[in-house]
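Here are a few notes to read alongside the structure.

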Amino acid sequence: QVQLVESGGGLVQPGGSLKLSCALSGSGFGLYDMGWHRQAPGKQRELVARISSIYTTNYASSVKGRFTISRDNAKKTVYLQMNSLKPEDSAVYYCSAGVGANDYWGQGTQVTVSS
């Protein structure tokens, strides 16, 4: 049974930084492609960043250069470092893990960027 638990969300001022973490319980973390997604009120969930099992990364154009995704296989954790945050980055951020036909999702963590 795979479970994902996100942490690190909160309230931050524009221009500030936050680091999200997502810990996976279960085995085989190194095999999973890991992702961060977000969903703002009234909008569809969108991919923010993804890191594959072989450390290939890709980012949404809106966050490229500001956000960095990384993973620590020993800790079974994926991170999202978010810098230069903007109000439009406010959303619930979800972690995902996928391998083969299996996808798992965390419960989400709220990020609010406001002065």
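1. Let us begin with a term: a nonpolar core is a set of buried Ala, Val, Leu, Ile, Met, Phe, Trp, Tyr and Cys residues joined through side-chain atoms within 4.5 Å. Buried means under 20% relative accessible area, exposed over 50%, and partly exposed in between, using a 1.4 Å probe and protein chains only. The largest such core here has 29 residues, and M34, W36, L80, M82 and Y93 touch the most other members. Two or more residues come from each of β3, β4, β5 (46-51), β7, β8 (77-82), β9 and β11 (109-113). Strands are DSSP runs (E, at least two residues), numbered from the N terminus.

2. A word on what you are looking at: this is a predicted model, in which local features need pLDDT of at least 70 and side-chain atom pairs count only at pLDDT 80 or more, while totals for chains, interfaces and linings use all residues. Residues are numbered from 1 along each chain as its sequence is written, and side-chain values use heavy atoms, with hydrogens and water left out.

3. Next, the aromatic rings. Rings of Phe, Tyr and Trp (its six-membered ring) pair if their centres lie within 6.5 Å; planes under 30 degrees apart count as stacked, over 60 as edge-to-face and the rest as tilted. By this rule there is one aromatic pair. Y32 and Y104 have ring centres 6.2 Å apart and planes at 75°, so the pair is edge-to-face. The two residues are 72 apart in the chain, with Y32 in the loop between β3 (18-25) and β4 (33-39) and Y104 in strand β10 (residues 102-105). Y32 is buried at 7% relative accessibility, whereas Y104 is partly exposed at 26%.

4. A97 stands opposite Y104. Two residues lie between the strands of this hairpin, and G100 in the turn has a positive phi of about 60°.

5. Finally, have a look at R66. Where does R66 lie? R66 is in the loop between β6 (57-59) and β7 (67-72), and its 11% relative accessibility makes R66 buried. Beyond its neighbours within four places in sequence, R66 is in contact (heavy atoms within 4.5 Å) with Q81, M82, N83, S84, L85, K86 and D89. One of these, M82, is also among the core residues named in point 1.

Terms used. Helix = DSSP H or I, 4+ residues; strand = E, 2+ residues; numbered from the N terminus. Pairing = 2+ DSSP bridges.
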